[in-house]
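Welcome! Here is a short tour of one protein chain, topic by topic. Have a look at the sequence and the model before reading on.

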Amino acid sequence: MSSENTSDDEDTFKILIATDIHLGYLEKDAIRGNDTYNTLNEILQCAKQNEVDFILLGGDLFHDNKPSRQCLHKCITMLRKYCMGDSPVRFEILSDQKVNFNTTQFPWVNYQDENLNISIPVFSIHGNHDDPTGAEGLCALDLLSASGFVNHFGHSHSVEKIEISPILMQKGITKLALYGLGSIPDERLYRMFVNKQVSMLRPKEDQDGWFNLFTIHQNRSKHGPTNYIPEQFLDDFLDLVVWGHEHECLIKPTLNEQQLFYVSQPGSSVATSLSPGEATKKKIGLLRVKGRKMKLQEIPLKTVRQFFIEDVVLADHQDCFTPDTPHVTKKIEDFCFAKVTEMLHEAERERLGCPLTPEKPLIRLRVDYSGGFEAFNTSRFSQKFVDRVANPKDIIHFVRRREQKEIKDENSIDYGKLFKPTAVEGLRVEDLVKQYFEAAEQKVQLSLLTEQGMGKAIQEFVDKDEKEAIEELITYQLRKTQLHLQSRGVTTEQDIDAEVRLFRDSKKNTAEEEKDIQEAMNRAKAHRLERGDGDFADQDVLDVTMDSDEGSVPVAAPTRGRGRGSRGRGGRGRGRGATASEPKPAGRGRSQRSSTTSQSRSILQAFQASSQKPSRTGATKSYADEVIIDDSDEDIPVTKAARPPPKPSSSSSSSSSFSKYGSQSQSQSRGVAFEDSDDDEVKQGGKFIYRMCRVKWD
C-alpha cells in the first residue's frame, strides 16, 4: 500500500479495536482496584487523539454481568468525556438500523440522534461476562445503549437459527460491512454451525466492493470436543475477523490458509488470571480501511500493570540441592527468593521512562517440586515482598507433574472403562474413539488414519449399520497414501513410516480430511446400493460438516432424513429432516429402526474387520485440490480464488437488499490487501510480503 493510499483522507475508515476490557475487575482491591478504569481511560483518550471514525469493542466491556454502581458511573463518565463533542462523524449508515440495533427502543445509531452530540461512536458486542440474562434478555450494554453512549449490536434472540445482518457503512468511496455476533455458549453455537443454522446476509449489489469485518466473542482454542469455534466455520467472504474472549494478545493479523481471511486477536487489556497468556504485552489496534485494502497499527498500552511469570523445575537444579540435601527446604526458599528478586529488577528496568505504568508489578513463580521435594510456607515467603508486588499472596504456586502410568501391553487396556454401555448425554461414538487412542500407548496409536476419520466410520457402523464404512475408509486412505508415497519417491522402510506420519498429521482438522471421510462414506453407501441392500438409507443422503476431531454431527438433508430423533443432545430441531408441509415420497414405506437397538450394539464390534472382500479397483480421481502459492514482494492485493457463486436460497431474507449466505458457503473472486506496520510511517523497500494464493478447483 503506497503512502498516498494509506493517508487519512475522506475515503479512509479509522477504527480503534479493543476487546476484553473487563471493567470493574478487582475494583475493591486496594492496589489493583483502578487498573481497568485507567486502561479504559487510556483507550478512549487514544481514540480521541487519533480522531478515529468509531471504536469497535469485541465483548466483555464489563467483568460482571451486574456491574456495580461505581463501575457504571465511571464508565459513563469516561464515555461522556471522550465520545461526546462537536466533531462531525464523517460516515453514513446504509443498512436498516431497526435490524442492526434490535435491543433498544431507539433503533438508530447514537450519533444520528438529534438529542445527542456524539463525536466518536462506540460499537460493541456483548461477551460471556456481560451477556444478556433474565426474562427480558438485558445486559449492561443495553443500559449504555438506552442512554445513548454505546451502539449494542450482534445480539441474537433466537436459539434455533441465527441470521447475522451487517451494519453497512460508507465513507467516501469505501464501503464497510460490519458483522457482529455476541457471546453464545460454545457447544450450542458449534452445533448450530454444524447444522447450518448460522447464516450471514450480504448486500445483493456489488458484493465484491464491500470490506467485510466480523467481530466474534467465543473460544478460539480448543477446550473440548465442541467447546470452541473453529475458524473454518466462518464464511470465506470475510476479510478480517476480530476475535474476542481469548486474553493472549495476538493482534497482528494472521492469514487463515483455508478460508483466506485474516484473524486479529487483540486480547485483554487487563490480566484477570496469572497465566502465561496474560503475560504478553497488552495492545490495541488502529485499523485503517480504504477500498479493499487495510492496515493495522499496533498501539501498546502504557497503563497496564506489568506481569512476569516464570517456571522453575527443582529437579533440574541438582547442582544446588537434592531431596537428601540438609535443610533443603530452606535452600529452595532462598533459591525462589533470588528468582523473584531478579524478576522485580527486570520490571524496574522496563518501567523506566513510563510514568503511567503502575509501580508494583504482578509476579508469579511456578515451582515444580516433583521428585521428592517438599513445599515451603508460601505465606511467610510472601511477607518479604508485600510492599514490592501487587499480588503478594499469589507469588509462589507449587505444582507437581503428573506421573502417567504406562500400559504394558495392548491386552491390559480396560475396554470396559473406556466404552461404557450406559448412554451418556453429549458423549458420541467419535468421543469414545478419541478417548481410547488417548489412553492407549504409542504402539497402538493410528499411523495411517486419523481419529476423526475412524470415529466417523465407527459412527456410521454403529448408528446406521453401514457395514462397509470402516473397510472402505481404510481402503480409500491406503490407496491415497500409496499415491502420495509414489509421488514423493520414498523407498526405505524408515522413510516410509516417517512420511506416512507426516502425511496423516498434515490433514488433521482440515477441509481435505473432511472431504476424504465424506468420499469414503459415500463410496460405502454406493456399493451397498449396488448390491440392493438399501433398507433405511437408500433414499437419504446425509451431508456432514466436520472441522475438528469431534465435529462430525449429521446434518439433515433437503429430503426426508433419518435425523437423530429423541437421541439428540439437547438441541432443538435435530429430529426428522422434513417439515410438516413437505410431501412424503410415494412408494413403499421405510422401516424405522429403533435407536435403542442401534445403541445396544457393542462398540467393540466396530473394531472387528468386516467381511473380507478383494480390493476394488477403478479409476482414481485427484484427492487434493491443486494449490499454487506465489510469494513476492510486489505491492499487490491478496486475491482470493474464484469460487462457484452461492446457490440461491428458497427462503427470503429479512431485508430485500440482502442475500443469504450460509456458513461455509463459497464466494466469488475478490481481493484484500493487508499491510502491517508498527508505526504511522509507511515502510518502503519491499518490507511487506503479500501472499498470492490461487486455487484450482476441480
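Helices (H or I, at least four residues) and strands (E, at least two) are DSSP runs, numbered from the N terminus. What you see is a predicted model, in which local features need pLDDT of at least 70 and side-chain atom pairs count only at pLDDT 80 or more, while totals for chains, interfaces and linings use all residues. Residues are numbered from 1 along each chain as its sequence is written, and side-chain values use heavy atoms, with hydrogens and water left out.

**The protein as a whole**

- The protein has 15 helices and 25 strands.
- Buried residues make up 51% of its 698 residues; here buried means under 20% relative accessible area, exposed means over 50%, and partly exposed lies in between (1.4 Å probe, protein chains only).
- Among the contacts (heavy atoms within 4.5 Å) with a separation of 6 or more, 76% are between residues 24 or more positions apart.

**Histidine 129, a position from a record**

- UniProt lists His129 for "active site", in an unreviewed entry. UniProt positions are given in the numbering used here, feature names are shortened, and annotations may be inferred rather than shown by experiment.
- Histidine 129 is found in the loop between β4 (122-124) and α5 (140-147).
- Histidine 129 counts as partly exposed because its relative accessible area is 26%.
- Beyond its neighbours within four places in sequence, histidine 129 touches His22, Asp60, Phe62, His63, Asp64 and Asn65.
- A polar atom of the histidine 129 side chain lies 2.8 Å from the backbone oxygen of histidine 63.

- The buried residues of α13 are Glu499, Val500, Phe503 and Arg504.
- Seen down the axis of α13, these buried residues fall within an arc of 135 degrees, so they line one face of the helix. The arc is that of the directions from the helix axis to the C-beta atoms.
- An α-helix has 3.6 residues a turn, so residues three or four places apart point the same way.
- The exposed residues Gln494 and Leu502 sit on the face of α13 turned away from its buried side.
- The cover over the buried residues of α13 includes α12 (469-488).
- Phenylalanine 503 belongs to α13 (residues 493-506), and it is buried because its relative accessible area is 11%.
- Setting aside neighbours within four places in sequence, phenylalanine 503 is in contact with Gln477, Lys480, Thr481 and His484.
- Histidine 484 and phenylalanine 503 are 19 residues apart in sequence, with 8.2 Å from C-alpha to C-alpha.

**Salt bridges**

- Side chains of opposite charge can pair when their charged atoms come close. A salt bridge is a side-chain nitrogen of Lys or Arg within 4 Å of a carboxyl oxygen of Asp or Glu.
- How many salt bridges are there by this rule? The count comes to 15.
- Lysine 171 and aspartate 53 form one of them (3.0 Å, N to O). This pair links distant parts of the chain, 118 residues apart: lysine 171 is in strand β7 (residues 167-171), and aspartate 53 is in the loop between α2 (35-49) and β2 (54-57).
- Lysine 171 is buried at a relative accessible area of 6%, and aspartate 53 is buried at 8%.
- Lysine 175 and aspartate 206 also meet in a salt bridge (3.6 Å, N to O). Lysine 175 lies in strand β8 (residues 174-181) and aspartate 206 in the loop between β9 (198-203) and β10 (210-217), so the pair ties together parts that are 31 residues apart in sequence.
- Lysine 175 is partly exposed at 22% relative accessibility, and aspartate 206 is partly exposed at 44%.
- Arginine 292 and aspartate 239 meet in a salt bridge too (3.0 Å, N to O), and both residues are buried.
- Glu333, Arg380 and Lys384 are linked in a network of salt bridges.

Notes: A polar contact is a pair of N or O atoms within 3.5 Å; within protein, one must be able to donate a hydrogen and the other to accept it, and residues adjacent in sequence count only if both atoms are side-chain atoms.
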